[in-house]
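User: I have a structure open and would like to go through it piece by piece. Can we start with the helices and then look at some loops?

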Amino acid sequence: MTPIADRDERWMRHALALAARGAREDDEIPVGAVLVSAAGQVLGEGWNRNITEHDPTAHAEIVAMRQAGFRLGNHRLTGCTLYVTLEPCAMCAMAMVHARLARVVFGAHDPKTGAAGSVFDLLGDPRHNHRVEVQGGVLGTEAGERLRTWFRARRTGPKERR
C-alpha cells in the first residue's frame, strides 16, 4: 500500500468509529467525518446530527467543517482533507467547494444522492472556480455494510422517532 493509501485508510477507520458512535449514542444514521489539515492535525470531526438537532444541514461533513472553521477562525479550509464514510450529498459537496477543501475521501458510494460521481459530480464540475480531488471507495464495503445493517434494523424493529 502507498503512504497515501495507508493514511486514507487510517483516517477512514477514525471516521467509521465516529459513525458507530453517532449510531450508538444518538441513534443517528451511521455516517462519520473527520477533517484533517495538510500537516495531519484533526481540525474537526462529527457524525450525523440532523435528527438529534432537528437540523437538516447537520450532516457529518457539515459538523466537521463547522468545527474546523471555528477552530481556524476561517471559512476557508484550504489544504485540508475530509474523510467521510458515505459519498457526500449535493449540499455537503457544495459546502466543500465553498470551503476550498483540497480532497474528500469517502467510503461507500451513494447511488441515490451521491454528488461525488455516483449521481452528480459537483466536486469536479469545471464550472466551479474550485475543484475538490475525490477518492472514493476507501473501506467502502465496511462503510456500506454498517449503513445497510442500521437501516435493516430500523425496518424490522419498533418505530420510534422516525
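User: Which residues of H1 are buried?
Analyst: This is a predicted model, so everything here is computed from that prediction. The buried residues of H1 are Asp-8, Trp-11, Met-12, Ala-15, Leu-16, Leu-18, Ala-19, Gly-22, Ala-23 and Asp-26.

User: How far apart are the end C-alpha atoms of H1, and what should the helix span?
Analyst: H1 covers residues 3–26, which is 24 residues. At 1.5 Å a residue it should span 34 Å, and its end C-alpha atoms are 34 Å apart, so the two values agree.

User: You listed H4 in the cover. At what angle do H1 and H4 pack?
Analyst: The angle is about 10 degrees, and the axes are 11 Å apart. Because angles under 35 degrees count as roughly parallel, H1 is roughly parallel to H4.

User: Which residues make that contact?
Analyst: From H1 there are Arg-13, Leu-16, Ala-20 and Ala-23. From H4 there are Glu-142, Ala-143, Arg-146 and Trp-150.

User: How many of them are nonpolar, polar or charged?
Analyst: The contact of H1 with H4 has 5 nonpolar and 3 charged residues, and no polar ones.

User: Trp-150 is in that list. Which residue forms an aromatic pair with Trp-150?
Analyst: The structure holds 2 aromatic pairs. In one of them Trp-150 pairs with Phe-151, edge-to-face, at 5.0 Å centre to centre and with 90 degrees between the planes.

User: What about Arg-100, what is its phi?
Analyst: Arg-100 is not a glycine either, and its phi is positive, about 65 degrees. Arg-100 sits in the loop between H3 and S4.

User: Where is Leu-101?
Analyst: Leu-101 is in the loop between helix H3 (90–99) and S4. Its relative accessible area is 0%, so Leu-101 is buried.

User: What does Leu-101 touch?
Analyst: Not counting residues up to four places away in sequence, Leu-101 touches Leu-35, Met-65, Leu-77, Cys-80, Leu-82, Met-96, His-130, Arg-131 and Val-132.

User: New topic: Ala-115. Where is it found, and is it buried or exposed?
Analyst: Ala-115 is found in the loop between S4 and S5. Ala-115 is buried, at a relative accessible area of 0%.

User: How far is Ala-115 from Cys-92?
Analyst: They are 23 residues apart along the chain, and their C-alpha atoms are separated by 8.5 Å. Leaving out residues up to four places away in sequence, Ala-115 touches several residues, among them Glu-87, Pro-88, Ala-90 and Phe-120.

User: Ala-90 is in there. Where does Ala-90 lie?
Analyst: Ala-90 lies in helix H3 and is partly exposed, with a relative accessible area of 32%. Apart from neighbours within four places in sequence, Ala-90 is in contact with Thr-113, Ala-115 and Leu-122.

User: Last one: where is Arg-49, and what does it touch?
Analyst: Arg-49 is found in the loop between S2 and helix H2 (60–72). Residues up to four places away in sequence aside, Arg-49 touches Asp-26, Glu-28, His-54, Ala-58 and Val-63. Arg-49 and Asp-26 are 23 residues apart in sequence and 7.8 Å apart in space, C-alpha to C-alpha. Asp-26 is also one of the buried residues of H1.

Technical notes:
Residues numbered from 1 in each chain as written. Predicted model: local features only at pLDDT ≥ 70, side-chain atom pairs only at ≥ 80, totals over all residues. Heavy atoms only, no water. Phe/Tyr/Trp six-rings, centres within 6.5 Å; stacked < 30°, edge-to-face > 60°. Helix = DSSP H or I, 4+ residues; strand = E, 2+ residues; numbered from the N terminus. Expected span 1.5 Å × (residues − 1). Buried < 20%, exposed > 50% of the residue type's maximum accessible area, 1.4 Å probe, protein only. Axes fitted to C-alpha atoms, helices over the stretch in contact; angles between N-to-C directions. Parallel < 35°, antiparallel > 145°, perpendicular 65-115°, else oblique. Contact = heavy atoms within 4.5 Å. Nonpolar A, V, L, I, M, F, W, Y, C, P; charged D, E, K, R; others polar.
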